[in-house]
Amino acid sequence: MLGPVLVCIFVLVIAPLLWGLRISLTDSRMIGLGYRKGFTLENFQTILSDPDTWNAVWVTIVFSGGTVIGSVLLGIAAALVLDRDFPGRGIVRVLVILPWAVPHVVAALVWQWMYNPDFGILNYGLLLLPWVSATPKWLSDPQFALLAIIIVNVWKTYPFAALLLLAGIQTISDDLYEASAIDGAGPARRFLDITLPGLKRVLAIVVLLLLIWSFGNFVFIFLMTQGGPAGATNALVVHIYFETFRFFRAGSAFAMGALLLAMSIVLTSIYIIMLRGQDND
Amino acid sequence: MATARLENVTKRYPGHLAVDRINLSIEDGEFLVLVGPSGCGKSTTLRMIAGLEHVTEGNIWVGDRRVNDVSPRDRDVAMVFQNYALYPHMNVFMNLSYSLRLRRVPRERIETLVNQVAATLDLSPLLNRKPVQLSGGQRQRVALGRAIIREPKLFLMDEPLSNLDAKLRVQTRTEITRLQRRLGVTTVYVTHDQSEAMTMGSRIAVMNDGKILQIAVPRDLYRNPANSFVAEFVGTPPMNLLSVRLDRSGSVDRLTGGGVRIPCPESAVEALEAVGQGFRVGFRPEDAVISGSNTGAGFFGQVVAVEDLGHEALVTVSAGNAQFIARLPPARAEQIRHGQRIAFGVEPSKLRFFDGRKGAAVAFPLDESLEPVRRHGSCPL
């Protein structure tokens, strides 16, 4: 059984990866085609000295970090609420999970409509607040565009976090809460001393997956801002896409791909090492 | 050090009455055991004392404070859970000191207390271990330590021994009793195991169906059960019980039922007549007398089983359509063979009577030959 699996992994993962790295070392313009230089490090020199690349790296980090923090916080809050027994819990559970089930394109369209500066519900709501006199042009203002996309992505991914964290919370024995209540812990201490440590492993998985997913998230940015305005939402994946398919610079695009891969590997490794260290306390 | 009192305490869940108007007074320094079959409401009662369950009706007092609406952390009670409920991510030191840290006890004081408790419970070399690295017995001791370190008013234990293997259970039983005597902390201990109750409790409350059926010292509970449920629940094997009626037609008053005839003690006749016709007679296995010939004090039966346990032998005798168990010294049982017909009798003064419908014990003047019941006497098990 091991043989076919290894063949599959090689054909589907390792070979394309190596091929991609190979392309990043050529001056190919179409993917893997039309190159004059068979081996060059020029792509890397170009992208590493290009401020656009570093902007894209920064946007990627802010986007991913924002998504992870937002999703996890919202996910924990939702999980804590859903863990309680209250009338109508079944319906609320469905509602909480719903964003996850909505297709990306539909979500992007709905949010784009809500973000509309003139007749979007978001600004309409904001203007109802007594102290708000001016509203942001969400998707067309470089100051707000990335935040707007992060909000959409958090909205889309937090149900996943909530679901996993809820499962995690439910594995924590009630006895522990009772023991700590008798020992003198109030609700906040119980959360810090029992719930959070009990969720450590689940939390680790959630953070890791969200991080990897938002590193590679392309859909919302492409559909809602196309990397703009003025590169404010130009994450690496989007940047790579435009480099390849709009400007036909496959070589440097693949070099950026390698950069993204390296970032993912480094972050994931740091995270795993941190977790191992905690376990060995 | 404190007393505790339960006054008409009731716990009602939707569609289910878990605890039904129980009254219980726990004396200072006492080791009170709540015992009963599963689902009898004993754990619910303990959890109400701890504050983990709300009291539907009635009052709970710890010392002279009514604690019905006091949160668990302000009741000054400590609890040992069945599965120990040790904090999995904290090492033994942190587990033991958790309540002290929450109360902002100074660090040096915490260290002194933890070291004292660890020495008492033989945990000193394990202070840096996490609960997963401990054996069942060690976890159990950490759970105990976590409770005693606080010097609470009340110690609550919810079946703390049921996750240990048989040998360790007996050993820990003694340790807990000794610890409790030494610390003198008022303790409420819940168990479904009657032998645990009998060996540990200075007093025992037997519960069934949410009610307390009898509160007594172990020996009293064993000798004079207040009803047939207690009679059957306490003691291994349980008290032999047989539905009988009083037959006064012959020269001697007899109890007949199930094809068995037993002479009735004279002092009981009057009380039994008052009860009416339906009642049950009971006697402890060790009060049965087995002899080769019919001495007139009993009836004939056939030996169905002989179980030699080394220190005692249990002989099951079938008579009529009833079965009885007799407890004999092994040497006596050696001569008894399976299938043998033997005479089976009971000393009349050792017979107990229970109302056939309600199960309540029928009181009658005991013969002087009966030994007086002593408080805190040793358990006959």
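**Entry 1: a hairpin in chain B**

I began with E11(B) and E12(B), which a hairpin joins through 6 residues. I noted that this is a predicted model, where local features need pLDDT of at least 70, side-chain atom pairs count only at pLDDT 80 or more, and totals for chains, interfaces and linings use all residues. Residues are numbered from 1 along each chain as its sequence is written, chains are lettered from A and ligands numbered from 1 in the order in which they are written, and side-chain values use heavy atoms, with hydrogens and water left out.

Strand E11 covers residues 240-247 of chain B and strand E12 covers residues 254-257; I found them paired in the antiparallel sense over 3 bridges. To pair, two strands need at least two bridges found by DSSP. Strands here are DSSP runs (E, at least two residues) and helices are runs of H or I of at least four, both numbered from the N terminus. I then looked up B:Arg245, whose bridge partner in E12(B) is B:Thr256.

**Entry 2: the next strand along**

Which strand is joined to E12(B) by 4 bridges? I found strand E13 (residues 260-263) of chain B, and the two run antiparallel. One bridge partner I checked is B:Pro263 in E13(B), which goes with B:Arg254. E12(B) and E13(B) also form a hairpin, with 2 residues between them. In that turn I saw B:Gly258 with a positive phi of about 60 degrees.

**Entry 3: nonpolar cores**

I looked for nonpolar cores, meaning sets of buried Ala, Val, Leu, Ile, Met, Phe, Trp, Tyr and Cys residues joined through side-chain atoms within 4.5 Å. Buried means under 20% relative accessible area (1.4 Å probe, protein chains only). The largest core has 46 residues, and B:Leu221 is one of those with the most contacts inside it, as are B:Leu96 and B:Ile204. Leaving aside neighbours within four places in sequence, I listed the contacts (heavy atoms within 4.5 Å) of B:Leu221, among them B:Met198, B:Val230, B:Val234 and B:Arg284. Another core, of 41 residues, lies apart from the largest one and includes B:Val9, B:Val62, B:Val67 and B:Val188.

**Entry 4: over to chain A**

How many helices and strands does chain A have? I counted 13 helices and 0 strands. The C-alpha trace of chain A spans about 75 × 60 × 35 Å along its principal axes. Of its 281 residues, 41% count as buried. I also checked contacts in chain A between residues at least 6 apart in sequence: 66% of them join residues at least 24 apart.

How values were computed:
Buried means under 20% relative accessible area, exposed over 50%, partly exposed in between (1.4 Å probe, protein chains only).
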